[in-house]
Amino acid sequence: MLLEDKTAVVYGGAGSVGGAVARAFAREGARVVLAGRTLATLDELAAEIAASGGTVQTAQVDALDQRAVDEHADAVAAETGGIDVSFNAISHGDVHGAPLLEMSFEDFARPITTATRSQFLTTRAAARHMTRQGSGVVMTITATTARLAIPEVGGTGVTFDAIESQCRQWACELGSYGVRVVWLQTTGLPEALADIDLFPGYGTGSGAGMTRAELIAWLLGSTQLNRLTSLAEVGDVAAFMASDHAAAMTSTAANLTCGQVPTR
């Protein structure tokens, strides 16, 4: 098992991405701590993971609350002997579908503020324990929006850029302690799309917006593999990146964009 005897905290653990990552971590032997604002949904996922033989616990934690994040990390470390992996998968409150000319500053800035604050707080809380033990992995997720200029996504692209920049900053300061900071970069995730009838046109000229099928087809058209990333793949690669098999990787992304954003 890739993560046997490791302790992994997943913030936003009840969401689609957090859930996929938590399942993969547990399958690979980690003790998984699901953290989030809604205990009922966390407990539901925990029951599923436990039924599959995983070791899991839940905690109600607001990843924007400094005291709550610090106290929870301290409690986990005291109970388990340390924190080996911290994965941030919380939602950011993005607003899509309007051009910037028509968007309020509050709607534009909300995801940027939410993401940078939660990433800073959760990273710092875990890193304080990781640096003492001389090892650990901090991880999060971004998307092709960080590299592609797409209309009508509000602050999402800036948010992902900011997350990646913050990760690089943490990586250069934590590396000497044996702590790695990495992130997953994905395409759109069809399984995680909102359950709505119409999505924005995203500059395609479709004034009425796009259906789910149309959106997926549009996203597919810019990939090299003619497919999009699955949640299972997100979980699998997260487990690999958190393991010792990726021990030489830090300050970098695992590119899961199916060729939508080629890298050198």
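**Charges, fold and cores**

Guide: The chain holds 17 positive and 28 negative charges, and their mean positions are 6 Å apart. Lys and Arg count as positive and Asp and Glu as negative, while His and the chain ends are not counted. Each charge is placed at NZ of Lys, CZ of Arg, CG of Asp or CD of Glu.

Visitor: What kind of model is this, and how are its residues numbered?

Guide: This is a predicted model, in which local features need pLDDT of at least 70, side-chain atom pairs count only at pLDDT 80 or more, and totals for chains, interfaces and linings use all residues. Residues are numbered from 1 along each chain as its sequence is written, and side-chain values use heavy atoms, with hydrogens and water left out.

Visitor: How many helices and strands does the chain have, and in what order do they run?

Guide: There are seven helices and seven strands. Starting at the N terminus, the order is β-α-β-α-β-α-β-α-β-α-β-α-α-β. Both kinds are DSSP runs numbered from the N terminus: helices are H or I with at least four residues, strands E with at least two.

Visitor: How do you know whether the radius of gyration agrees with that of a compact globule?

Guide: The rule for a globule is 2.2 Å times the number of residues to the power 0.38, and the radius is taken over C-alpha atoms. For 264 residues a compact globule would have a value near 18 Å; the chain has 18 Å, so the two agree. The C-alpha trace spans about 55 × 40 × 35 Å along its principal axes.

Visitor: What share of the residues counts as buried?

Guide: Of the 264 residues, 48% count as buried. The word means under 20% relative accessible area; exposed means over 50%, and partly exposed lies in between (1.4 Å probe, protein chains only).

Visitor: What makes a group of residues a nonpolar core?

Guide: The members must be buried Ala, Val, Leu, Ile, Met, Phe, Trp, Tyr and Cys residues, joined through side-chain atoms within 4.5 Å. The largest such core has 35 residues, of which V17, F25, V32, F87, M139, L184 and V234 touch the most other members. Helix α1 (residues 16–27) gives the largest share of this core, seven residues. A second, separate core of 31 residues includes V9, V33, L121 and I163. In soluble globular proteins, nonpolar side chains tend to be buried together.

Visitor: Which residues is V32 in contact with, leaving aside its neighbours within four places in sequence?

Guide: V32 is in contact with A8, V10, A22, F25, A26, T55, V56 and Q57.

Visitor: How do you know whether G36 is buried or exposed?

Guide: The relative accessible area of G36 is 9%, so G36 is buried. G36 is found in strand β2 (residues 31–36). Leaving out residues up to four places away in sequence, G36 touches L42, A59, Q60 and V61.

Visitor: What makes G29 partly exposed?

Guide: G29 is partly exposed because its relative accessible area is 21%. G29 sits in the loop between α1 and β2. Beyond its neighbours within four places in sequence, G29 is in contact with M1, L3, E4 and D5.

Visitor: Why is D5 called exposed?

Guide: D5 has 56% relative accessibility, so D5 counts as exposed. D5 lies in the segment before β1 (7–11). D5 also has a positive phi of about 70 degrees, although D5 is not a glycine.

Visitor: Is C258 buried or exposed, and what is its phi?

Guide: C258 has a relative accessible area of 9%, so C258 is buried. Its phi is positive, about 55 degrees, although C258 is not a glycine. C258 lies in the segment after β7 (252–256).

Visitor: What makes D197 exposed?

Guide: D197 is exposed because its relative accessible area is 72%. D197 lies in the loop between β6 (179–186) and α6 (212–220). Leaving aside its neighbours within four places in sequence, D197 is in contact with M210, T211 and R212.

Note on methods: Contact means heavy atoms within 4.5 Å.
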